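Subject: Structure for your review

Dear colleague,

I am handing over the structure we spoke about, with the sequence alongside. Please open it first and keep it at hand while you read the notes below.

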Amino acid sequence: MASAKPLVVVTCTAPVNIAVIKYWGKRDQELILPINSSLSVTLHQDQLKTTTTAAISKDFTEDRIWLNGQEEDVGQPRLQACLREIRRLARKRRSDGHEDPLPPSLSYKVHVASVNSFPTAAGLASSAAGYAGLAYALARVYGVESDLSEVARRGSGSACRSLYGGFVEWQMGERADGKDSVARQVAPESHWPELRVLVLVVSAERKLTGSTAGMQTSVETSALLRFRAEALVPARMAEMTRCIRERDFQAFGQLTMQDSNQFHATCLDTFPPISYLSDTSQRVMRLVHRFNAHHGRTKAAYTFDAGPNAVIFTLDDAVAEFVAAVRHSFPPEANGDQPVLPSSARFLKGLPVEPVPLSDALKAALDMDPTPGGIKYIIATQVGPGPQVLDDPGAHLLGPDGLPQPVA
């Protein structure tokens, strides 16, 4: 029986997701309800993941949380909303007749530790992976089996999309209480095995304008944002779903780029304007368009979230050539007087990509002065599954005392 154990502990991993139809703007800030639906691709956890351990014990005197080794304020409203919601679901499940008396564990305090395998707050959807992992781990600890969209969403809107693998839509819903604002899988991760994802890390710095503040200013001041949400997104959601179901890369890539550009246009339409894209981001866009023009069709597509890092979608037969084009346009900077080898593992992380030579014709088509060091590194990945529970006790981030384990 769980309540007899001194410590109930669960560790899980959760993925990053990248929106191809963007979420920007809330109609309810308290419940985190969006002004439009969105659609995303879940990235593989072999390359990018958040690992989260949640533990409950009758001996804990307060809720506590550690992120990347640092203890954080557990009183943050969003964190509290997640905790309240999961405890409410746990109580509801018990009172629905699944168990007679309420187990004492429902009143136990929780300790949470979470670690990212990638830079936090650098525009790599770290909050989405973090809150999806939190919701998933808390649900396991408290014995909740219902839909977790609401729990994750209360932490970070896009986190509800990280509860599933593959291709995921977050339906905006219509109800004022948000009960129909939920994430649903459009297609599983096995659906489009040829699809590849490259994360081009331009900067691992924190962004100047956080997403939360940025999107509310947009809602208040951008007429373009409102028009996008009401007049354009519904048809785009339907078309993107079709592209994914039919594995139509041409149309998928084009719509992904158009939607990214429109999202950033609404940022510029915000007053005062917000700009998340750097000069390097703009150069990456130009590179993609010239690469595609050279091939006479869409072979690579970019999307940018609220930050300068580019996420590139391509099919497996075009990855090597595109990576070579990036390397040509943004040669890795030599570290001191150490020349960087062409196969430099520091520059290309994740899935292996065979180096290929660039044709002179493509070099001429790119027609770009190299920007050394413009791209810090590339993470090569693919579409992946939703959150996973780790059964290995050695994976726990919290020790038997409920405090963070020293990292081995």
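What follows is a summary of what was found, grouped by topic. Please bear in mind throughout that this is a predicted model.

Aromatic contacts and charges over rings

The count of aromatic pairs comes to ten. One of them joins Trp-24 and Tyr-276 in an edge-to-face arrangement, with 5.9 Å from centre to centre and 85° between the planes. Trp-24 sits in the loop between strand S2 (17–21) and strand S3 (26–28), while Tyr-276 sits in the loop between helix H6 (249–269) and helix H7 (279–295), so this pair ties together parts that are 252 residues apart in sequence. Both partners, Trp-24 and Tyr-276, are buried. Elsewhere, ring pairs link Phe-167, Trp-192, Phe-249, Phe-252 and Phe-313 into a cluster.

Two charged side chains are also placed over rings: Arg-140 lies over the face of Tyr-136, at 4.0 Å from the ring centre, and Lys-349 has its charged end over the ring of Tyr-377, 4.7 Å from the centre of that ring.

Helices and what they cover

Helix H8 (residues 319–329) is mostly covered, since ten of its eleven residues are buried. In helix H4 (residues 211–221), the buried residues are Gly-214, Met-215, Gln-216, Ser-218 and Val-219, and the buried residues of H4 pack against S3, H5 and H6.

Within helix H2 (residues 126–142) you will find Ala-132, which counts as buried because its relative accessibility is 0%. Leaving out residues up to four places away in sequence, Ala-132 touches Ala-14, Ala-152, Ala-159, Ser-162 and Leu-163. The C-alpha atoms of Ala-132 and Ser-149, which are 17 residues apart along the chain, are separated by 8.7 Å.

Helix H5 (residues 223–245) holds Arg-236, and this arginine counts as buried because its relative accessibility of 16% is under the 20% cut-off. The residues touched by Arg-236, not counting those up to four places away in sequence, are Ile-21, Arg-228, Leu-255, Gln-258, Asp-259 and Gln-262.

Asp-248, by comparison, lies in the loop between H5 and H6. Is Asp-248 buried, partly exposed or exposed? Asp-248 counts as partly exposed because its relative accessibility is 23%, a value that falls between the cut-offs of 20% and 50%. With its neighbours within four places in sequence left aside, Asp-248 is in contact with Trp-192, Arg-242 and Cys-243, and Trp-192 is one of the rings in the cluster described above.

The cavity

How many cavities of 30 Å³ or more are there? The count comes to one, and the largest cavity contains about 30 Å³ of space. Its lining is made up of Arg-64, Ile-65, Val-74, Leu-79, Leu-83, Val-110 and Val-112. The elements that give two or more residues to this lining are strand S7 (64–67), helix H1 (77–98) and strand S9 (109–116). By class, the lining of the largest cavity has six nonpolar residues, no polar residues and one charged residue.

Backbone geometry to check

Most residues other than glycine have a negative phi, and most peptide bonds are trans. The peptide bond from Phe-271 to Pro-272 is cis, with omega near -10°, and Pro-272 is found in the loop between H6 and H7.

Ile-32, a residue other than glycine, has a positive phi near 55° and lies in the loop between S3 and strand S4 (33–34); at 1% relative accessibility, Ile-32 counts as buried. Asp-367 also has a positive phi, near 45°, and is likewise a residue other than glycine. The place of Asp-367 is in the loop between helix H9 (360–366) and strand S16 (377–382), where Asp-367 counts as exposed because its relative accessibility is 56%.

With best regards

Note on methods
Residues numbered from 1 in each chain as written. Predicted model: local features only at pLDDT ≥ 70, side-chain atom pairs only at ≥ 80, totals over all residues. Heavy atoms only, no water. Helix = DSSP H or I, 4+ residues; strand = E, 2+ residues; numbered from the N terminus. Buried < 20%, exposed > 50% of the residue type's maximum accessible area, 1.4 Å probe, protein only. Contact = heavy atoms within 4.5 Å. 1 Å grid on protein atoms, 1.4 Å probe; cavity = no way out; pocket = protein on both sides within 12 Å on 5 of 7 lines; lining within 4 Å. Points joined across faces, edges and corners; volume = space filled by probe spheres on them. Nonpolar A, V, L, I, M, F, W, Y, C, P; charged D, E, K, R; others polar. Phe/Tyr/Trp six-rings, centres within 6.5 Å; stacked < 30°, edge-to-face > 60°. Lys NZ or Arg CZ within 6 Å of the ring centre and 35° of its normal.
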